[in-house]
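Here are my notes, point by point, for when you have the model open. Please read them alongside the sequence.

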Amino acid sequence: MSSRVRRHRPGRPPSRSRGAVVAGLVAGLVVLQAVTVPAGADDLDNRRAATQSRLDTARAQQAELSASLEGLEGQVAATGQRLVELQGQLPAAQAAVAAAAAEAVRTQREAELTAARLSGARQQQAELVATIEADTAQAVAVRTAVVRMARSADQGSSDLAGFTVLLDATSVEDFMSGYAQTTTALDVQTRTLNRLDSLNAGNQAANNRLTAVESKISDLKAAADQAAADAVAAQAAAEAAQAALEELTTQVAAQQVSLEGQAADVEAQLAAADASAAQLSSDLAAIIAEQRARPTPPPAAPAPPPQSAPSGATFANPTIYRPMVVTSEYGMRMQPVLKIYRLHAGIDLRSRCNEPIYAGRGGTVLWSKYRNGWGNQVAIDHGWVNGKSLVSSYSHLTRWVVGAGQSVSTGQLIGYAGTTGASAACHLHFEVYVGGSAVNPRSYLGL
């Protein structure tokens, strides 16, 4: 992350409001992450603070992993239940497909049988047509004979002619012969007329029966074809439903396998975090036991705080060490806690846990508060120096003893060194901002 913040526009310092300067400095400090490295101290206090910090991180990771594992286990249970439900639906879907297939076969057979009956009806139709045509031809012949007899009767009055034959008979044999001829002619006429009536009636009945048979079988054929088509459509729908159910079952099964794999990974990470936390707890207990077993030395009187900055320096020494000891320089580096390569926007000065920290220059406290990676931090506004705003900050404190808006002087006690925030051991992280941008504090401290 860049340490640059929005610069102030050139102008005369007196014309700038203090609120605008402070706002710019606050914005600059927000975008800068204070980073630390061990201060080089190896005493039990530093080891205890560093171990406690790592233990807190491990426990936070444990809580996060436990929540993640709980969520994944809930999802695994839900997908497992869904999979059981889907697998329970498969037999019904398969039975539906089988039933639809059987129905399709049955309706297809009915359609084929109805088609055969229709074919038989058409054969019967052909036979009836042939019969009707033969009877019609015979009826035509009969009509011709009747017409001929009618014409003969008109020309010779057949009844009277027959009676004349009987009267003209000269013997009994002639009379009997004439009578027989007359009777035969009358019988032929009568039978001919009866045959014509019978043919006409038969033809009409055959036509009526044929029409009824064809109409009925045609309706049956249409119904059978529709039933067969519906059955085929139902079978296709059942097969599609089964395929969709099987696909959904496969997807849910794959999702469950994936979730189980994720849960196993998180469980392994949680086991590692548990082991790490257990080891850190053991280490911390050992350090505490060692501290308790060690004889308590008499408290050493702290060195007097510096009263003024060295010649040519802007800030006085904010620590109790003479001379100051720099444990980490300003510049790009691998952050030891976050494990990322970025700008170390200040310098680290040796200060053991709970040792006094002093204001490097007089000014007004901008804030005293906890700020993520910086931990407990005090920021001091030193006003305008050489035409530019000047601010310093003191981070990773165990606690502070000044508050926002308070005026402080050079060398005044502002807090105590610690390892709060992104820190691995107790020390002071000191930053300087000129015109709203972080600069290397070394020259400002006279180093």
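1. Accessible area here is what the Shrake-Rupley method gives with a 1.4 Å probe. On that basis the protein exposes about 24,200 Å², and carbon and sulfur atoms supply 57% of it. Keep in mind throughout that this is a predicted model.

2. For the overall picture, the protein has four helices and 13 strands. Of its 447 residues, 36% are buried. If you take the contacts with a separation of 6 or more, 74% of them involve residues 24 or more positions apart.

3. Which cysteines form a disulfide? C353 and C426 do, with their sulfur atoms 1.8 Å apart. C353 sits in the loop between β4 (347-349) and β5 (356-358), and C426 in the loop between β11 (413-416) and β12 (428-434), so the link ties together parts that are 73 residues apart in sequence. The angle about the S-S bond is 85°, and the link is right-handed. C353 and C426 are both buried, and the disulfide count comes to one.

4. Now to the charged pairs. Side chains of opposite charge can pair when their charged atoms come close. Searching the whole structure turns up four salt bridges.

5. Helix α2 (residues 44-156) holds both E85 and R82, three residues apart, or about one turn of the helix. Their salt bridge has its closest N and O atoms 3.8 Å apart. E85 counts as partly exposed because its relative accessibility is 38%, and R82 does so at 34%.

6. R106 and E110 also meet in a salt bridge, at 2.4 Å from N to O. They are four residues apart in helix α2, so about one helical turn separates them. Both are partly exposed: R106 has a relative accessible area of 39%, and E110 is at 36%.

7. How far apart in the chain are R442 and E329? The closest N and O atoms of their salt bridge are 2.4 Å apart. This pair links distant parts of the chain, 113 residues apart: R442 is in the segment after β13 (437-439), and E329 is in the loop between β1 (326-328) and β2 (331-334). R442 is partly exposed at 28% relative accessible area, and E329 is partly exposed at 38%.

8. Last one: is T249 buried or exposed? T249 lies in helix α4 (residues 172-293). Its relative accessibility is 9%, so T249 counts as buried, the cut-off being under 20%. Neighbours within four places in sequence aside, T249 is in contact with L83, L86, Q87 and L90.

Key. Residues numbered from 1 in each chain as written. Predicted model: local features only at pLDDT ≥ 70, side-chain atom pairs only at ≥ 80, totals over all residues. Heavy atoms only, no water. Helix = DSSP H or I, 4+ residues; strand = E, 2+ residues; numbered from the N terminus. Buried < 20%, exposed > 50% of the residue type's maximum accessible area, 1.4 Å probe, protein only. Contact = heavy atoms within 4.5 Å. Disulfide = S-S within 2.5 Å. Salt bridge = Lys/Arg side-chain N within 4 Å of Asp/Glu carboxyl O.
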